[in-house]
Amino acid sequence: MMRRRKKPLRRPAGRQAAVVLACALFLAGCASAVALNLPRSGPDTATCITPPPERDLLVAVALSGGGSRAALFGAAGLEALARVREPGGRSVLEQVAYVSSVSGGSLSAAYYGLHKPPRETPVLTPDGALTEAYQTFFAGFKEKLNQDFESALIWRQLGSFRWILNSALAARSLAEILAERLLGRGTFGDLAQREARGDSPHLIVNTTLYNNGRRLTLTTLPPDAGRYDFFQDLRAAAAQRGQTAEYPPILVRRWESLQAVTPLDLHIDPCPLQVAGAVSGSASFPPLVGPITFRAGQEETYWHTGDGGLYENSGTESLMFVLLKQMQQGKARRALILSFDSSYPFSVGYRLLGRRAEPWTLFSYDFSRIPGIMEERATAYAALFFRSLQIEGVFPDNQTLRVVFLRHTDARWKDDLSDLPEACRAETPPLSSPQAVVDRIAEIPTRFVIASECDRQLLEAAAAKVVAQSQAEIEDFLAGRPTPEGTAR
């Protein structure tokens with residue numbers, strides 16, 4: 001008896017389409033992100049390199065990392081700083097020559113550099129209030145930063161068939177979103193024109209090179225602007241004490257490894273680089289987003305850069321070297337750095353981990369705690385190093401070079417909480433004491449969204465408070481009046 005041959009089963013057309021789509025998504029996810037090929041630098045291509053300003057007194061602002069928390073705190077801090085007057089009666093904001101930024105702070109720094117009103121627009125009215133132009137600017141500034149960039153990034157990944165776990169493609173998506181929703185498509189060439197006209201301070205966007213572990217500063221400043229000769233001042237200080245000092249080559253090499261690398265050092269012309277791309281590199285947070293990869297022309301070397309906070313999260317070190325170099329060359333006599341630091345407090349992890357009985361799991365622990373431990377140790381050594389060399393006379397004293405740290409957790413709140421923002425008055429559980437408010441601010445997570453209106457208003461209020469708390473110190477330094485050292489490093 002003959003058996004009938006079974007006919008091959010046919011899958012429904014819809015199921016076939018689903019399989020094809022799944023394969024396409026898988027292949028798209030496995031695809032590698034294309035490196036940003038920028039022109040090689042040369043005598044005629046690096047037209048956007050602008051020299052550092054030469055002023056007797058230099059004022060600089062640093063904006064730390066910290067996602068949308070840092071971005072909003074930085075914008076509100078700049079607004080608060082705009083209301084402070086320097087001895088001549090103008091706004092301190094008009095004196096700012098540099099803005100250095102890391103990660104989330106780079107969103108604020110880049111927007112400010114690209115979109116602030118031009119130089120001829122006054123910041124303050126004769127009676128000391130913000131002009132209408134600057135009121136409008138800062139209102140739009142903060143509104144732009146209050147967007148949900150996080151969800152937009154996820155939907156861009158899905159909508160563009162970019163596998164959600166491909167972090168390099170996520171960095172490209174972030175750059176696109178920042179260009180469309182916040183920064184526009186301005187380049188460093190455009191930024192250089194604003195800087196040359198005096199419409200914008202010099203912008204320094206800090207990232208970390210994964211190739212060699214050095215800091216990459218995306219800026220229009222020339223490479224030697226931050227090449228401070230530490231050993232020159234070290235030998236001069238020793239000579240004043242009648243001593244001589246020689247340093248082994250290994251120490252010289254280690255100091256050189258602390259010097260920033262610029263695009264020109266990598267033979268890259270930064271002029272056509274979109275500022276949004278640079279900010280995406282600075283704000284990436286591997287392994288979820290980033291790195292951004294650059295290549296000069298058709299060179300064989302690829303340069304992978306990411307989160308500037310991996311190197312140093314406050315953005316002050318880049319400024320320190322630039323200012324020390326200008327003072328060493330006699331191009332500046334005094335300098336002030338105003339550091340808006342909204343880094344996630346290390347102590348918060350201590351408090352939260354102390355309440356946990358279960359071990360770490362992939363979905364229940366913030367693994368940034370691991371590099372945070374190393375950062376805490378490095379920050380302690382850096383503070384001791386700087387202060388010790390001030391005492392030894394190698395670095396200028398704090399009447400000549402001052403760093404004022406303005407931390408979001410240092411805002412002081414009234415005992416009766418009459419200064420609590422309106423959006424926070426109906427919170428559950430209620431914010432019942434100044435310490436409860438400080439704890440609430442400290443625990444705002446590092447994400448690219450701030451979902452709570454209370455948290456947004458707390459950050460803006462905290463920025464205004466810390467500037468007001470340090471206003472006398474800032475005004476005294478600008479006026480050349482001796483003052484005690486302010487906020488501890």
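Predicted model: local features only at pLDDT ≥ 70, side-chain atom pairs only at ≥ 80, totals over all residues.

Residues are numbered from 1 along each chain as its sequence is written, and side-chain values use heavy atoms, leaving out hydrogens and water.

**Stop 1: the disulfides**

A disulfide is a covalent bond between the sulfur atoms of two cysteines. Here the term is applied to a pair of cysteine sulfur atoms within 2.5 Å, and that rule gives two disulfides.

Select Cys 48 and Cys 271: they are joined, S to S 2.5 Å. Cys 48 sits in the loop between strand E1 (36–38) and E2, while Cys 271 is in the loop between helix H9 (249–258) and helix H10 (275–283), so you are looking at a link across 223 residues (helices are DSSP runs of H or I with at least four residues, strands are runs of E with at least two, and both are numbered from the N terminus). Look along the S-S bond and you'll find -100° about it, a left-handed link. Cys 48 is buried at 1% relative accessible area, and Cys 271 counts as buried at 10%. (Buried means under 20% relative accessible area, exposed over 50%, and partly exposed in between, using a 1.4 Å probe and protein chains only.)

Next, pick Cys 424 and Cys 454, whose sulfur atoms are 2.0 Å apart. Cys 424 is in the loop between strand E9 (401–407) and helix H14 (434–442), and Cys 454 is in helix H15 (residues 453–479), so this pair ties together parts 30 residues apart in sequence. This link is right-handed, with 110° about the S-S bond. Both cysteines, Cys 424 and Cys 454, are buried.

**Stop 2: Gly 65**

Now jump to Gly 65, in the loop between strand E2 (57–63) and helix H2 (67–82). Is Gly 65 buried or exposed? At 1% relative accessibility, Gly 65 is buried. Show its contacts (heavy atoms within 4.5 Å): leaving aside residues up to four places away in sequence, they include Val 102, Asn 313 and Ser 342. Then draw a C-alpha to C-alpha distance to Ala 283: Gly 65 and Ala 283 are 7.8 Å apart in space but 218 residues apart in sequence.

**Stop 3: out to the surface**

Finish on helix H5 (residues 149–159) and select Trp 155. Trp 155 is exposed, with a relative accessible area of 63%.
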